[in-house]
Amino acid sequence: MDTTNGTRARMPVGDLRSALPKLAVLLALLAALMAWSGIRQWRDAGLLEDTERARDQAVEAVLASHAAQVKQLEQRLASAPVKAALAANDTAAAAAAIRDGWSGAEQVEILDGALMPAYDDAATFGYSKLALLEAGMQGDAVATRVVKDGKQTSFGLAAAVPQGVVYVRLPLARLIDGFERVAMPADGYLALRQGGYSIAQRGNSRLADGAERMAHAVGKTGLRVATAAPDSESGPLGLGAIPALVAAALLAGLAIAAVLVARGGLRLGNIGKKGTDMHDTDEPTLGEALLRDPPPASAGRAVAASEEGGDDAYRQAEGKTVEVDPGIFRAYDIRGIVGTSLSVEVAELIGLAIGSVMRDEDLTDIVVGRDGRLSGPDLAGGLIEGLRKAGRNVIDIGLAPTPVAYFGAYHLRAGSCVAVTGSHNPPDYNGFKIVVGGQTLSGEAITDLYERIRDNRLYVAGMPGDLQQRDIAADYIQRIADDVQLERPLKIVVDAGNGVAGDIAPQLLEAIGADVIPLYCEVDGTFPNHHPDPSEPHNLEDLIQTVKRFDADIGLAFDGDGDRLGVVTKEGAVIFPDRLLMLFAADVLERNPGALIIYDVKCTGKLQGWVLRHGGTPMMWKTGHSLIKAKMRESGAELAGEMSGHFFFQERWYGFDDGLYSAARLLEILANRSETPSEVLAELPDGVSTPEIKVDVADGTPHAIVERFVDGAEFEGARLSTIDGLRADWDDGWGLVRASNTTPILVLRFEADNTAALERIKTEFRTRLQALAPELKMTF
């Protein structure tokens, strides 16, 4: 380039004009590509909207049909002829009166409440019909479900009567007629589902596997309408429909301009002016223009703080202020009440905060799953929106237990995941368990998410991240079944408490060789049968009775999101998780002599000696699934467990807490022994112990009370540990008091060699607590 006279070398005008036709063709092709992409996305968006509209109409139609049949039964039970027949103990006349004039009623019968004929041959009678009758006897409301009655699938209703339970069988059409009549696009997919069974389905069945991600519950019926539309790919450079069409118009305009210039119909700047050419102009080159006035950075921006919103608010672009309650940011996760402290808008901010942390750590991909709570789809949608706004690529696995979301982070090579779950809390709760870069967020990392929102330190990318939907349940089951197979079949009852584990636990345990009897395995976010918390013995009563009735080998219970395990024997004994950990430890240490085994401060005092006798290294640590996982990663432990029912296998697994995998490993051990499962479990060392005891305190004070308790602790002859609250170990037993990190309670537990020692230890703790905090209502 010659610059000796201070002039800039330029392309001759003739050469530029000769290149313009090729440029025009290229611009036209790009315009066509953008236009095609925009039109396609516009069409796909319309298809999605039409399918969602059909889903909502289907939900309303099924709900109306369901309500009409329930009302029929309620009115007939309240009628004078039925009441008179029941009062006379004439069940045949009562059944006839119920059926009289009920168009379509195929069968009406009144069964004795013991249901002994049904339990004597449950397989022939039908598990689903039996479950319906049990549900009908448990409350005042009419119970319903789609049942297999003989060789046909029908719509069943059941309700309690003084003589037992009335059962009504209706044609399935009485429930699904409205569903079948809803107008829907041919390329979409709708399915009316109960648990994992599709009662009726329409449209493109190839989309069936991914339909749970857009599922909507049909009220509180236990039914849901699963929905799917073909995935819509984003346009070139991630542009949406409207930006792609705008880009197409601009490119087409440039192509036309290039043609006009090439043909001389349009001048280039000063070209054509008398006495001037491109060498004489003083206009800057493109590079010089950029140097003089560089464009604004657009790769990402931090969201500006709102002057009106205050420290605890974030003002979105549309001007809506979203209040964020700092109390939902707990020690191990985020958890709150939907409609009070949790909303879609709060979920979006949490997604932005998590995405901002990932951006700081140069992480791009994240897996999102949700449990079966009714608020799950909306909160997951808000979370995903926030993550994508932060430029993160989201893999939505839909309805899935928390451990399946953890598995997805490994299996899909994302390294990060969020499980939208309220765990074992009541139905109106929900929350988020978060893993970023392989580390479960807890403590200060959870607090940092709130502070990012409060201070508006939220990264918003110039272009949203990608979204894809995957169903990895089959991959999860296959991964476990490839490694765990039972030496002999075991008959087991699985109680999912209507939590999300019910959708996958029976499939998994059957895949490894078990004979599974499902109990409350229909996913229902209202938890109509009992609370999904196996750490509370009263929640295991139905499981114990069902194991006895079916003469099963063992009963397994899972919490609401499937990361905890509870176990009962056929005799009705509850096997506490710390004793299960002994069984797991002995098994792991056979293959890994000297391995480190971690247990939390609530576990039995007999664990230390048990691990040592089996050639392992015991370590007691703080309670909390995220704290245990962090300690495992730091120490290289092969196994860990908590009294709450969380088990963490590093050997042959990934080190996260997984109630489903733990159940598979338990059955593997039991099936490999010649003794019965009850005999194997009875051999484990045991003492006289209490379950977890919870004492309510004023909100915000449990840690302060424990600190004062620790400061003045004087337990003669005891070894004291203060790693988490205070634990005092004597030769004949131990006691613990600690502050819960999730709720305003004190958690206590006691164990001793005999009843007298147990009462002595409980009295020592109770006396000191009463002196320290006389306002507490002691429950032990």
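Student: What is the bridge partner of Gln194 in β8?
Tutor: Leu223. This is a predicted model, where local features need pLDDT of at least 70, side-chain atom pairs count only at pLDDT 80 or more, and totals for chains, interfaces and linings use all residues. Residues are numbered from 1 along each chain as its sequence is written, and side-chain values use heavy atoms, without hydrogens and water.

Student: How many bridges pair β5 and β8?
Tutor: Six, in the antiparallel sense, between residues 189-194 and residues 223-228. Two strands pair if DSSP finds at least two bridges between them; strands are DSSP runs of E with at least two residues, helices runs of H or I with at least four, numbered from the N terminus.

Student: What is the strand order in that open sheet of four?
Tutor: β6-β5-β8-β7, with antiparallel pairing. β6 (197-203) and β7 (216-217) each have a single partner strand, so one side of each is left without a neighbour in the sheet.

Student: Switching to aromatics. How many pairs?
Tutor: The count is 22 aromatic pairs (ring centres of Phe, Tyr and Trp, the last by its six-membered ring, within 6.5 Å; planes under 30 degrees apart are stacked, over 60 edge-to-face, the rest tilted). Phe584 and Phe649 are edge-to-face because their planes stand at 75°, with centres 5.0 Å apart.

Student: Is Phe584 buried or exposed?
Tutor: Buried, at a relative accessible area of 1% (buried is under 20%, exposed over 50%, partly exposed in between; 1.4 Å probe, protein chains only). Phe649 is buried too, with 1%.

Student: Which ring does Arg727 lie over?
Tutor: Trp734, at 3.8 Å from the ring centre (CZ of Arg or NZ of Lys within 6 Å of the centre and within 35 degrees of the ring normal).
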